Amino acid sequence: MLISVPRHQADAILGAMRAIALEHGPGGVTAADRRTIEGAATIVLGLADVDPDAVEPVDPDALARELLTPDDARQAVRMLAVMSLADGVADPDKTALVREYARALDVYEGYLELLTEVAAGDVAEAGACLLRKNAESFPHLDAERLSLGPLGPFLPYREGNAQPELEARYEALGELPAGTFGRAFHDHFKRNGFRFPGHPDGLAEGFTTPHDSSHVLSGYSTSQPGEICVSTFIGAMHPDHPMAAEVLPVLYSWHVGVHLNDIAGVAHGAYDPRRFWTAWDRGAATTVDVVAADWDFWGATEQPLEELRRAYGVRPVDPDLLA
């Protein structure tokens, strides 16, 4: 479980989630709301099956009286933020309620302001901030290239800046034996039609290598549901602004339908609660952060993929939850 708390505290967190779902009355509670509460109960809080319609709502002051630790309070508010978007709408009233819970719990994280901005329709400013946080969270990505435009850090090899030697080094991973991590990384790129770092159309090595390594290690696909899961996995594994850098951008882009940038595009309804919470749980359980500045990608390429997964604490999962 992600949050190990006594049952009364777990019930209070679920009660706050239920209160957000009920913000516009019982008729506004959706199937996605119910599944989000169910998944949070079983996967995040480690409870037996919970009937979301039987959960008693808990207001901000009542949740604060439960005296959660600072870390549990932060996690709880993040759960409430996800809850506010579960039905696929950036709702100003639900967002305001999330911030009431945050104030009651003395949680002040920057993503809360972004929730408010998007719900108010200030998408351009919020989107720029989310993209900046995403760029800054990858230590080997040159975030200063944001001065060249929002996608500047992610597309460094265009306009005469190709690095064919770098591209060739990644291409050579295809010569490794089947079953190695490096070969799986190579095949992941080829299967998806991606260009390697160094190619004019390739994404920056500082972003795509740790991001796509996370795909390979976790098993999540590059479909929109898979991207939601892998970004959530990364956010739990690499806790550098996890909500603003990872979780919110993918929920906005592929569940709420908010256009943040041209790389992500836009879609609706790709969020699946059980897959989402499972990805959060798996990312939090990893013992090696592959986005961290000191992770050695090239040193891992010749290792068997399954051995690497075990060494890194990447939990196996039911294929139905892989998206």
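Rings of Phe, Tyr and Trp (its six-membered ring) pair if their centres lie within 6.5 Å; planes under 30 degrees apart count as stacked, over 60 as edge-to-face and the rest as tilted. Ring pairs of this kind join Tyr-170, Phe-181, Phe-185, Phe-189, Phe-194, Phe-196, Trp-295, Phe-297 and Trp-298 into a cluster. This is a predicted model: local features need pLDDT of at least 70, side-chain atom pairs count only at pLDDT 80 or more, and totals for chains, interfaces and linings use all residues. Residues are numbered from 1 along each chain as its sequence is written, and side-chain values use heavy atoms, with hydrogens and water left out.

**Aromatic pairs**

- The structure holds 20 aromatic pairs.
- Tyr-170 and Trp-298 form a tilted pair, because their ring centres are 4.8 Å apart and their planes stand at 55°.
- Tyr-170 lies in helix H8 (residues 164–171) and Trp-298 in helix H14 (residues 297–300), so the pair ties together parts 128 residues apart in sequence. Helices (H or I, at least four residues) are DSSP runs, numbered from the N terminus.
- Tyr-170 is buried, at 0% relative accessibility. Buried means under 20% relative accessible area, exposed over 50%, and partly exposed in between (1.4 Å probe, protein chains only).
- Trp-298 is partly exposed, with a relative accessible area of 23%.
- Tyr-220 and Phe-233 make an edge-to-face pair, with 6.4 Å from centre to centre and 70° between the planes.
- That pair links distant parts of the chain, 13 residues apart: Tyr-220 is in the loop between H10 and H11, and Phe-233 is in helix H11.
- Both Tyr-220 and Phe-233 are buried.

**Helix H12**

- Helix H12 (residues 242–256) has 15 residues, but its end C-alpha atoms are only 18 Å apart. A straight helix would reach 21 Å at 1.5 Å a residue; the expected span is 1.5 Å times one less than the number of residues.
- H12 bends by about 35° at Leu-248, and Pro-249 follows within four residues. The bend is the angle between axes fitted to the seven residues ending at a residue and the seven starting there.
- H12 is largely enclosed by the rest of the structure, because 15 of its 15 residues are buried.
- Gly-257 follows H12 and has a positive phi, near 80°.

**The largest pocket**

- The largest pocket holds about 700 Å³ of space.
- Its lining has 33 residues, and Phe-207, His-211, Trp-254, Ile-263 and Ala-264 lie nearest its centre.
- H12 gives the largest share of this lining, six residues.
- Helix H7 (123–137), helix H10 (205–218), helix H11 (224–237) and H12 each supply at least two residues of the lining.
- The pocket lining divides into 15 nonpolar, 13 polar and five charged residues. Ala, Val, Leu, Ile, Met, Phe, Trp, Tyr, Cys and Pro count as nonpolar, Asp, Glu, Lys and Arg as charged, and the others, Gly among them, as polar.
- On a 1 Å grid over the protein atoms alone, a pocket is an open set of points with protein on both sides within 12 Å along at least five of seven lines; a cavity is a set where a 1.4 Å probe fits but cannot get out; lining residues have an atom within 4 Å of a point.

**The largest cavity**

- A search of the whole structure finds one cavity of 30 Å³ or more.
- Leu-2, Ile-3, Val-44, Gln-75, Met-79, Trp-277 and Trp-280 line the largest cavity.
- This lining is six nonpolar, one polar and no charged.

**Asp-212**

- Asp-212 is found in helix H10 and is buried, with a relative accessible area of 4%.

Notes
Points joined across faces, edges and corners; volume = space filled by probe spheres on them.
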